[in-house]
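Trainee: I have a new structure to read. Please take me through it one feature at a time.
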Amino acid sequence: MVTENIFRTPTEVERAEMKLVGNKDLAYHFRKKNIAKEQEYTEKHEPYCFRCAKVDFEKAVSDTMREKQLNTNEDLEIDTDKFYKVDLEKYGDIKRFKLIRTQPVKEDKLMDGIRNSVLTGYSISYQCVERGCNICVFVPLDVYEERNKPAKDKTSK
Ligand SMILES: [Zn+2]
């Protein structure tokens, strides 16, 4: 009896085979998209799970290749488009993250010849609930304050 775990990293042989169907291009394009999306979230000072996006992509490629190996229909076409249709926004969904801790970030600044330690923002650590990936986001002070503004008093006009 053969037990197989399809959710594993592909072997070297499989990697070689993947390349034959243009996986290299596929991975390259996906990586570019993933990096761009991560950058987008970094600019918003919000967490994004680059790792899960990558792992899910690799899993999808691996499963597709397995199907190609098992399927005797020689004309089987691999629909590579479906990999491009993955909505990466889900890897930035805030519900995906558990807040671990918030730490102040201080920088030494020279003011009137005196060195001062100035608070510049906060470093927020999150853990991705899906695979426990650790993500750290720097939030500048102004952004942090804006986010944590007390809600307007309902009685005041
Ligand atoms: Zn993750």
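Mentor: Start with a pair of residues. Thr 102 in the chain stands opposite Ile 124 in β2. This is a predicted model, where local features need pLDDT of at least 70, side-chain atom pairs count only at pLDDT 80 or more, and totals for chains, interfaces and linings use all residues. Residues are numbered from 1 along each chain as its sequence is written.

Trainee: How many bridges join β1 to β2, and do they run parallel or antiparallel?

Mentor: The general idea comes before the case. Strands of a sheet pair through backbone hydrogen bonds, either parallel or antiparallel. Two strands count as paired if DSSP finds at least two bridges between them. Here 14 bridges join β1 to β2, and the two run antiparallel.

Trainee: What does Ile 124 stand opposite in β3?

Mentor: Ile 124 stands opposite Val 137 there. Strand β2 (residues 114-128) and strand β3 (residues 134-140) are antiparallel, joined by 7 bridges. They form a hairpin with 5 residues between them. In its turn, Gly 132 has a positive phi of about 70°.

Trainee: In what order do the strands form the sheet?

Mentor: The order is β1-β2-β3, in an open sheet of 3 strands with antiparallel pairing. β1 and β3 stand at the edges with a single partner strand each, so one side of each has no neighbour in the sheet. The twist averages 25° from one strand to the next. That angle is taken between axes, which are lines fitted to C-alpha atoms (for helices over the stretch in contact), and runs from 0 to 180 degrees between N-to-C directions.

Trainee: Which elements make up the whole protein chain, from the N terminus on?

Mentor: Elements are DSSP runs, numbered from the N terminus: helices are H or I with at least four residues, strands are E with at least two. The protein chain has 5 helices and 3 strands. They run α-α-α-α-β-β-β-α.

Trainee: What share of the residues is buried?

Mentor: A residue is buried if 20 or more other C-beta atoms lie within 10 Å of its own, exposed if 12 or fewer, and partly exposed in between, with C-beta atoms placed from the backbone. Buried residues make up 13% of the 157 residues.

Trainee: Which residues are in the largest nonpolar core?

Mentor: A nonpolar core is a set of buried Ala, Val, Leu, Ile, Met, Phe, Trp, Tyr and Cys residues joined through C-beta atoms within 7 Å. The largest has 12 residues, including Phe 50, Leu 88, Tyr 122, Ile 124 and Ile 135. α3 (50-70), β2 and β3 each supply at least two of its residues. β2 gives the most, with 3.

Trainee: What does Ile 135 touch?

Mentor: Contact means that two C-beta atoms, placed from the backbone, lie within 7 Å. Leaving out residues up to four places away in sequence, Ile 135 touches Pro 47, Cys 49, Phe 97, Tyr 126 and Cys 128.

Trainee: Where does Tyr 144 lie?

Mentor: Tyr 144 lies in helix α5 (residues 141-147). Tyr 144 is partly exposed, with 19 other C-beta atoms within 10 Å. With residues up to four places away not counted, Tyr 144 touches Gly 121, Tyr 122 and Val 139.

Trainee: Is Asp 112 buried or exposed?

Mentor: Asp 112 counts as exposed, because it has 5 C-beta neighbours inside 10 Å. Asp 112 lies in the loop between β1 (97-111) and β2. Asp 112 has a positive phi of about 50°, although it is not a glycine.
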